[in-house]
Amino acid sequence: MNSYWIESTKNLEIQRKLDNNYNVDVCIIGAGMVGLSTGYYLAKKGLKMAILDKDGIGKKASGHTTAKITYQHGLKYNYLINTFGLEFAYKYYKSNKNAIEDIKKIIDEEKIDCDFEYQNNYIYCTEPKEVIKIKNEINALNQIVKYENKQNDKNNPQFITNCGLPFKILGGIETKKQAEFHPRKYMLGLAKSIEENNGLIFTNSLVNDVKKFENGYISYCGNYNIKSKYVVIASHYPFINFPGFYFSKMYQVTSYALGIDIGNKLFDGMYISSNEPTLSFRSAKYKDKRLLILGGGNHKTGFSPESENTYGYKFLEVKAKELFPNSQILYKWNTRDCISLDKVPYIGEFSEFMPNVFVATGFNKWGMTSSNVAANIISDSILGEENDYKDIYNSKRMEPIKNKTEVKNMIEQVTKSFITSRIKIPKENIDKIKKGNGGIIKIEGKAVGIYKDEEENIYAVNPTCTHLGCLLTWNNIDKTWDCPCHGSRFDYKGKNLYDPAFKDLQNIEVRC
Ligand SMILES: Cc1cc2nc3c(=O)[nH]c(=O)nc-3n(C[C@H](O)[C@H](O)[C@H](O)COP(=O)(O)OP(=O)(O)OC[C@H]3O[C@@H](n4cnc5c(N)ncnc54)[C@H](O)[C@@H]3O)c2cc1C
Ligand code: FES
């Protein structure tokens, strides 16, 4: 079972690997919401560009999202006013509010058939202690609409005690005229428009380095490269570690989703709980009915909470059975998103040492509007145009916490190989790993990552993350090796699945 968005669009994919060296104005690394939205605006302005993705179009975070297009990013505005002041909070609100209309405008202009629908968005609570937080958030929103001089707008957020969910809530915020869509249909529509405007898109094309060259940069990809004046790192988690140091300003959180057939019951509105563990609801067009998309079960990537019932698919499956007893789960998926330390995305110049290289990351699981905000800021910067919101997202803000262990790990990693490629493991050690499970065993002081499948085949890897050398943990839900430091993930055979690492793990031949 995969993401509904990916399963329902697979035949439309553009597939072409980088097959030559090119000279362009802008090289965009990553074909998710950020890369394609930025590429769209720049291609429309006639800039020559190449977009490279190591996988396919919209196949990573943006193809595994729940795709609610809203400026109500959880209980955000009370926090923003208290931390950064009213003007900052207003700019955050306004830039994301504009993004909803910008996305709609693109869909209309390009005639992208992507099931876009305006919907009300709700944040609800079921615990008494949460009601005050909801009320504080409404107060914060009222201050913002007053600042905007829109007190009488009928779409302003309201406090509610009833909504369309099949259980009682204690309070909530209703925000009108938010939206939802099919994110992959949208991204494929952007890709089509980019190509029609002479943009080049290459898939299965991993960029492993970007280096300065004359007045611009060279992006290296296998045997070929792209020379460009500007580079946009739209790889979700920046894959270049230095000089940006983004690894010390972010962590990743994994979230899960189920696509559920709940019969003919209509399900309008988009909902998210204010309390943890987060539960999120929306529906999507599915054949001649609606598919319920139930999300949540979050945890920090690389860490599994103690009780299986409080996270992951199990948590969602129990909830689905309780709320919709006769339903059928048709799709299951998960992905991760980058969480910035101050809950505001990093958008803008990558580092003062790399002028004309841009980045957008740290969307805190709200990348649908944030990616459009990023595309506007980055394309305005490249085109030399003003942007009213760029100062609040300044990606160079915050002195990164230079973590000595990570830097030391990295140096060691490039200077020596950690363990040999063949190792003898006593049978009793292998027997400790159950069928269908994985774990780390220590042999002569060296860590070996073992996965034993249901037929008792053994897959062994060096469980040292190829990003900055942290020890990986076994994730038995997806049968993957996950990194607790910055969230890279690898399959049980060691193949890299998710950034910021891009190299595979070392395989180890085991002899018993
Ligand atoms: C379960 C879940 C639900 C969510 N729901 C919502 C929601 O309802 N609303 C909302 O606003 N946000 C939501 N989000 C957040 C949102 O999905 C993300 O913030 C957004 O999709 C990130 O887009 P992106 O373009 O930065 O990343 P991606 O979509 O991951 O794109 C990055 C691309 O870069 C490519 N890449 C990486 N490294 C390289 C390299 N070295 N060379 C070449 N290519 C490379 C990858 O293959 C990938 O295609 C959710 C997130 C999660 C985890
Ligand atoms: S993801 Fe950074 S060390 Fe693993």
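What you see is a predicted model, in which local features need pLDDT of at least 70, side-chain atom pairs count only at pLDDT 80 or more, and totals for chains, interfaces and linings use all residues. Residues are numbered from 1 along each chain as its sequence is written, while chains are lettered from A and ligands numbered from 1 in the order in which they are written.

Let us start at the ligand. A residue is counted as near it if its C-beta atom, placed from the backbone, lies within 6 Å. Ligand 1 is surrounded by 41 residues, and the closest are Gly30, Gly32, Ser62, Thr65 and Gly367. Which helix gives the most to this shell? That is α8, with four residues. At least two residues each come from α2 (33-44), β11 (250-261), β15 (328-340) and α8 (367-383).

Now to the domains, whose bounds come from an automatic or database domain assignment. The protein is divided into domain 1 (9-64 + 184-249 + 343-393), domain 2 (117-177 + 251-340) and domain 3 (404-511). Domain 1 and domain 2 each contribute at least three residues to the shell around ligand 1. Taken over C-alpha atoms, the centres of domain 2 and domain 3 are separated by 35 Å. Their contact takes nine residues from domain 2 and nine residues from domain 3; two residues are in contact if their C-beta atoms, placed from the backbone, lie within 7 Å. On the domain 2 side, β11 and α7 (312-323) each supply at least two residues.

Next, the interior. A residue is buried if 20 or more other C-beta atoms, placed from the backbone, lie within 10 Å of its own, exposed if 12 or fewer, and partly exposed in between. A nonpolar core is a set of buried Ala, Val, Leu, Ile, Met, Phe, Trp, Tyr and Cys residues joined through C-beta atoms within 7 Å. The largest such core has 135 residues, and Val26, Met49, Val232 and Ile233 have the most contacts inside it. Helix α4 (residues 86-110) provides the largest share of this core, eight residues.

Two residues other than glycine have a positive phi. Asn149, with phi near 65 degrees, sits in the loop between α5 (128-147) and β5 (158-160). His236, with phi of about 80 degrees, is in the loop between β10 and β11. Are they buried or exposed? Asn149 counts as exposed because it has 8 C-beta neighbours inside 10 Å, whereas His236 counts as buried because it has 28.

Finally, strand β6 (residues 171-180) has eight of its ten residues buried. Strands pair if DSSP finds at least two bridges between them. β4 (residues 117-125) pairs with β6 in the antiparallel sense over eight bridges, with Tyr122 bridged to Glu174. β5 is also antiparallel to β6, over three bridges, and here Gln158 has Glu174 as its partner.
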